[in-house]
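Let's take a walk through this one, starting from a single side chain and then moving over to a strand in another chain. Have the structure open and follow along.

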Amino acid sequence: MQSESATQSSLLQEASLAKDLAAVVSGLHVYYGQRLALDNISLDVREKHVTALIGPSGCGKSTLLRCFNRLNDLIDDCHVQGQIRIFNRNIYHPDEDIVALRRQVGMVFQRPNPFPKSIFDNVAYGVRLQQKLSSRELREIVRWSLKAAALWDEVKDRLDESALQLSSGQQQRLVIARALAVKPKVLLLDEPASNLDPISMLKLEELINELKTNYTIIIVTHNMQQAARVSDYTAFIDQGRLIEMADTRSLFTHPQQKQTEDYITGRYG
Amino acid sequence: MSLKLNQHISREYNAELERIRSQVLRMGGLVESQLTQSVRALRKADTSLAVEVQNADGRINQLEVEIDAECTEIVARRQPAASDLRLIMGVSKIISDLERIGDEAKRIAKMTNTDLAGHLPEHMNMEIGYMADLARTMLHDVLDAFARLDADDALEIAQRDRQIDLKYESITRQLITYMVQDVKTIPTALAVMWAVRSLERIGDRAQNIAEHLIYLVRGEDVRHVPLDDLLQ
Ligand SMILES: Nc1ncnc2c1ncn2[C@@H]1O[C@H](COP(=O)(O)OP(=O)(O)OP(=O)(O)O)[C@@H](O)[C@H]1O
Ligand SMILES: [Mg+2]
């Protein structure tokens, strides 16, 4: 069996000394009613790097992701214990400004959820709430976001049409564009590529790679090769516990825990 | 962490990895027998056996190509990770060392010459036999360790190369003495020199295989690390 404290790479420890951490999770427990969904998670997220969360369905990846911008607050009978510091601020402090937090920590959901509005308005939505811009400035942001999400060429001639008419792969890129438009510092991506064809998927990975020069990204993916390709650090979670976290290269070439090995090589547990 | 090939959810994948392993063992068995036969041919000046050895080398090369193609296919279709990835990478290095050992055996066979028979002093003949035994046992044992994916054994085997090197030095010294004492021995001594040089290289290759095996089982690259450090 596995020890209580999962291993973290020395690289991460060095990083924490260097204080370039975007988020620090310590002793996090999450309950849905009486049921424990996350069990004592502690991990560091390095700024301007990509951290991947992998693990079997139902292990708690989305639950963990939602903790980073307190989206679990919206779920009845979901209780969070422990601490998450983002840019050295305890986001579960009672005085935390949640609106500001969610602007700083953007989220792309597992199931694309476009608003029943035009393509343009979907992307402009958050920006409008946040600041007063000229229509030219707003158009520029929408164009930049759609381009960054590799959707621009497909929709540039029909920005006024309903977003609900887009294919699911297009909707997925649309919600990524929407998240990018408000320029968050941390971007949470929950299975962003699950509806994408291989080329769009590679474009998205390329985008993630570009974005990490300015943003911190936490990505949940079931695609192990994708985690191996895009992330700098990988955390393996199983049944609500952090089994192992390491730099992605070591985790995929010689994981320290048997459970990790079994999972990434497709063996029975 | 012990390495098990047969616990994938995909049974077809288990079978593919198992097949690669048994192919490597088959290739290894062939190489081992080539080595045995080439040394026998040399010591007994059996030229027809020597020709047989030279002709059989093609089969080893062919196996290397086949196994290599299977490794490439697994990489393309399965995207192996962790121990599976190390197995595939390790196997593709191991078979290249095996193929080179096959080449050295062929070289030893080529040195076989009827003239050798009369000219080789009996105790030199025994020395060569002893050195060949060291090399052959080392190869045999490393293949056996591979069959069991046993890194501890591989570490012990890797160190035996030193004994072969020492034997190589002592035999070459003696050969030089013969040549100095009697110029008529020069052609024979040179042929033997080439053959023991090949045996010495086989020891190096067997050590490489042991190191690849340690890497594929444990995930540590032990090449260029002094063996004494590893044993501590
Ligand atoms: N709103 C909720 N109410 C009650 N239980 C929930 C809720 N959301 C998630 N859970 C439970 O918490 C556990 C973790 O769920 P979570 O969605 O975080 O898993 P996941 O790792 O994201 O899985 P998947 O890969 O399938 O998306 C599961 O057992 C799930 O049933
Ligand atoms: Mg999920």
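Keep in mind that this is a predicted model. Start in chain B, where S38(B) sits in helix α1, the stretch covering residues 11–44. Is S38(B) buried or exposed? Its relative accessibility comes out at 0%, so S38(B) counts as buried, the cut-off for that being under 20%.

What does S38(B) have around it? Leaving aside residues up to four places away in sequence, S38(B) touches V53(B), A105(B), I108(B), A109(B) and T112(B).

Now hop over to chain A and find strand β9, residues 233–238. Six of its six residues are buried, so β9(A) is largely enclosed by the rest of the structure. Look along the strand and you'll see Y233(A), A235(A) and I237(A) pointing one way, with T234(A), F236(A) and D238(A) pointing the other; the residues on both sides are buried.

Which strands does β9(A) pair with? One is β3(A), residues 50–54, which runs parallel to β9(A) and is joined to it by four bridges. To find your place there, look for T51(A), whose bridge partner in β9(A) is Y233(A). Another is β10(A), residues 241–247, which pairs with β9(A) in the antiparallel sense over six bridges. Here F236(A) stands opposite E244(A).

Finally, check the turn. The hairpin of β9(A) and β10(A) has two residues between the strands, and in it Q239(A) takes a positive phi near 45°.

Methods
Residues numbered from 1 in each chain as written. Chains lettered and ligands numbered in written order. Predicted model: local features only at pLDDT ≥ 70, side-chain atom pairs only at ≥ 80, totals over all residues. Heavy atoms only, no water. Buried < 20%, exposed > 50% of the residue type's maximum accessible area, 1.4 Å probe, protein only. Contact = heavy atoms within 4.5 Å. Pairing = 2+ DSSP bridges.
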